[in-house]
Amino acid sequence: MNSLALERADLALALAIREHGSLAGAAGALDVVPSVVTKRLGALEARLGQRLFDRTTRRLSVTAEGEAVCRHAKQLLEGFAALEGELGERQNELTGAVRLAATFGFGRRWLGPALAEFQAGHPGLRIELQLTERLPDLGAEGYDGALWLWAVQQRHASDWVSRRIARNQRVLAAAPSYLARRGTPASVDALAAHDCLVARENGEIHRQEYALWSLRHGRDGSTARVRVQGPLSSNSGEMVRDWCLAGHGIMLRSLWDIAPQLASGALVRVLPQYAMPDADIHWIAPWRPKTPRRVRLLVDHLAERFRGEPWKPTR
């Protein structure tokens with residue numbers, strides 16, 4: 001015992017033998033031949049002065065001393081891994097994986113290119129983006145976070161954290177051909193007499209004939225609500241956008257989705273003084289005592305990338 005000097009490899013060896021239940025199984029896990037495991041285990045037991053595993057030709061069992069070694073070995077190896085991870089994050093090179101969720105439209109159009117740009121600057125980083133129309137249970141499903149079009153709801157306030165990444169508005173828009181045919185509504189109430197294209201997303205009741213649009217005045221902050229309906233609705237926002245471009249009605253859509261069409265004149269704003277509130281883009285994440293550096297830097301990158309609202313029309 002006076003010459004006792006446990007090494008990390010000794011701890012990994014003991015754990016591998018117990019977990020695999022045989023010297024041969026441990027050898028396979030450690031990528032060495034069985035004779036090396038036998039020799040290393042014998043040397044370790046000799047240094048400790050304790051027998052860690054009882055071995056016969058038919059079976060192997062862990063002793064009480066072996067259980068004690070393995071119990072502490074697991075804790076120590078996890079500590080080594082945590083320390084290495086923290087030290088690695090202190091270096092400039094980011095490593096590891098980041099798992100994110102976002103909606104299909106924003107994920108494809110804006111988030112995907114921003115993530116590719118960030119990963120190109122940190123080649124040791126792996127980024128997985130899951131596109132979905134329903135916000136996952138982020139913590140339970142192993143996500144680092146999500147980019148979503150609303151902030152943390154009250155029922156999640158103690159479990160999630162939120163950061164606004166960029167401002168965004170849902171605005172009313174129509175094709176010039178529709179407005180030439182049906183006229184331009186002069187007030188929010190006038191929308192009720194128009195063909196409105198409704199995106200029924202996130203599990204809305206499909207049998208409901210109308211949708212309730214809540215709009216806020218940009219200058220005085222007043223809110224107006226109107227029931228709208230029309231012959232066309234879909235659970236696909238892209239489908240609604242295509243119908244609108246074809247002149248079939250008026251839609252309520254995020255600026256980030258239709259900025260190019262507004263800039264080109266393929267779509268025009270309707271009642272431009274109004275927009276739907278609560279459409280900003282937020283980073284939402286499960287609460288954790290310490291956010292990994294790779295996640296923090298990625299969120300900072302996204303905030304900087306979208307800070308100027310690149311989808312906002314310049315004219």
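How many salt bridges does the structure hold? I found 17 salt bridges, in what is a predicted model.

**Entry 1: Glu128 and Arg99.** I looked up this pair and found the side chains joined by a salt bridge at 3.1 Å, N to O. Glu128 sits in strand β4 (residues 125–131) and Arg99 in strand β3 (residues 96–102), so the contact ties together parts 29 residues apart in sequence. I noted Glu128 as partly exposed at 38% relative accessible area, and Arg99 as partly exposed at 24%.

**Entry 2: Asp257 and Arg109.** Their side chains meet in a salt bridge of 3.7 Å, N to O. I placed Asp257 in helix α8 (residues 255–264) and Arg109 in helix α5 (residues 104–121), 148 residues apart. Asp257 is buried, with a relative accessible area of 2%, while Arg109 is partly exposed at 32%. I also noted a network of salt bridges that links Arg109, Arg241, Arg253 and Asp257.

**Entry 3: Arg288 and Asp144.** The closest N and O atoms of this salt bridge are 3.2 Å apart. Both residues lie in loops, Arg288 between β15 and α9 and Asp144 between β4 and β5, so the pair ties together parts 144 residues apart in sequence. I recorded Arg288 as partly exposed at 28% and Asp144 as buried at 11%.

**Entry 4: strand β9.** Five of the seven residues in β9 (residues 211–217) are buried, so the strand is largely enclosed by the rest of the structure. I traced six bridges to the antiparallel strand β10 (residues 223–228), where Leu215 has Ala224 as its bridge partner. Two bridges join β9 to β14 (residues 274–275), also antiparallel; there His217 is partnered with Tyr274.

Conventions: Residues are numbered from 1 along each chain as its sequence is written. This is a predicted model: local features need pLDDT of at least 70, side-chain atom pairs count only at pLDDT 80 or more; totals for chains, interfaces and linings use all residues. Side-chain values use heavy atoms; hydrogens and water are left out. Buried means under 20% relative accessible area, exposed over 50%, partly exposed in between (1.4 Å probe, protein chains only). Helices (H or I, at least four residues) and strands (E, at least two) are DSSP runs, numbered from the N terminus. Two strands pair if DSSP finds at least two bridges between them. A salt bridge is a side-chain nitrogen of Lys or Arg within 4 Å of a carboxyl oxygen of Asp or Glu.
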